[in-house]
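Work through these exercises with the structure open. Try each task before you read its solution.

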Amino acid sequence: MSFDTLFKFEEALAEYTGAPYAVVTDGCTHAIELCFRLDRVTYTEFTAFTYLSIPQLMRELNVGYKLKTEYWNTLGEYAFGYTNIWDSARLLKPNMYRAGMKQCLSFGNGKPLQLGKVGAILLDKEWEYKELSRMRSDGRDLRISPWQDQISFGEGYHYCPTLEDCQQGIEKLPFVNNLPKYHEYPDLRSIDFVR
């Protein structure tokens, strides 16, 4: 099976955003998860006005966190404190990439590029690109086919988008509405997370 469409979508995203590399995933929350796992983050701080999946993810990963009284920036993103990871779910525009960062994108409903359950990570280190690519793909290198020919497998998760979604991404990327997509999130500090 060929994953050329996935690689072409990654290349197109990287070129569009000014990032040296892009890793596509099956959603922004999984993109953030992979970055937190790769960097072995144990504590962070972030806005209390974000999507519910983010504090749920921190609980799943056993990451200590503090919700802060701050909002997404006017571009449509926020940083995770004490990391180089950004939730850039509501941003997609030319040359948006920040050197040295890992910016996680969403292509869900209401986002600048709507593909459904698809996300991505923008980054600039080749070794991180290779590791995150393998993590996203069950620990395997998608350039080795059939997968049974691969000798060693790394840490892996089943977070690959469909090739059909990647093809749609290639076709729709030139027509992105790159204005920030604002959304009112509730203050998550008022929600009781039950274990």
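**Exercise 1.** This is a predicted model. Classify Arg189 as buried, exposed or partly exposed, then do likewise for its salt-bridge partner.

*Solution.* Step 2: Arg189 has 39%, so Arg189 is partly exposed. Step 3: Its partner is Asp187, with the closest N and O atoms 2.7 Å apart. Step 4: Asp187 has 23% relative accessibility, so Asp187 is also partly exposed.

**Exercise 2.** Find where Glu10 and Arg136 lie in the chain, and decide whether each is buried or exposed.

*Solution.* Step 1: The side chains of Glu10 and Arg136 meet in a salt bridge, 2.9 Å from N to O. Step 2: Glu10 is in helix 1 and Arg136 is in helix 4 (residues 126-136). They are 126 residues apart, so the pair links distant parts of the chain. Step 3: Buried means under 20%. Glu10 has a relative accessible area of 3%, so Glu10 is buried. Arg136, at 1%, is buried too.

**Exercise 3.** Locate the salt bridge between Lys130 and Glu126.

*Solution.* Step 1: Both residues lie in helix 4. Step 2: They are four residues apart, about one turn of the helix. Step 4: Lys130 is partly exposed at 48%, and Glu126 is partly exposed at 43%.

**Exercise 4.** Where do the buried residues of helix 5 sit around its axis?

*Solution.* Step 1: In helix 5 (residues 163-172), the buried residues are Leu163, Asp165, Cys166 and Gly169. Step 2: Seen down the axis, they fall within an arc of 155 degrees, so they line one face of the helix. Step 3: Their cover includes helix 1 (4-17) and strand 1 (21-25).

Technical notes. Residues are numbered from 1 along each chain as its sequence is written. This is a predicted model: local features need pLDDT of at least 70, side-chain atom pairs count only at pLDDT 80 or more; totals for chains, interfaces and linings use all residues. Side-chain values use heavy atoms; hydrogens and water are left out. Buried means under 20% relative accessible area, exposed over 50%, partly exposed in between (1.4 Å probe, protein chains only). Helices (H or I, at least four residues) and strands (E, at least two) are DSSP runs, numbered from the N terminus. The arc is that of the directions from the helix axis to the C-beta atoms. Contact means heavy atoms within 4.5 Å. A salt bridge is a side-chain nitrogen of Lys or Arg within 4 Å of a carboxyl oxygen of Asp or Glu.
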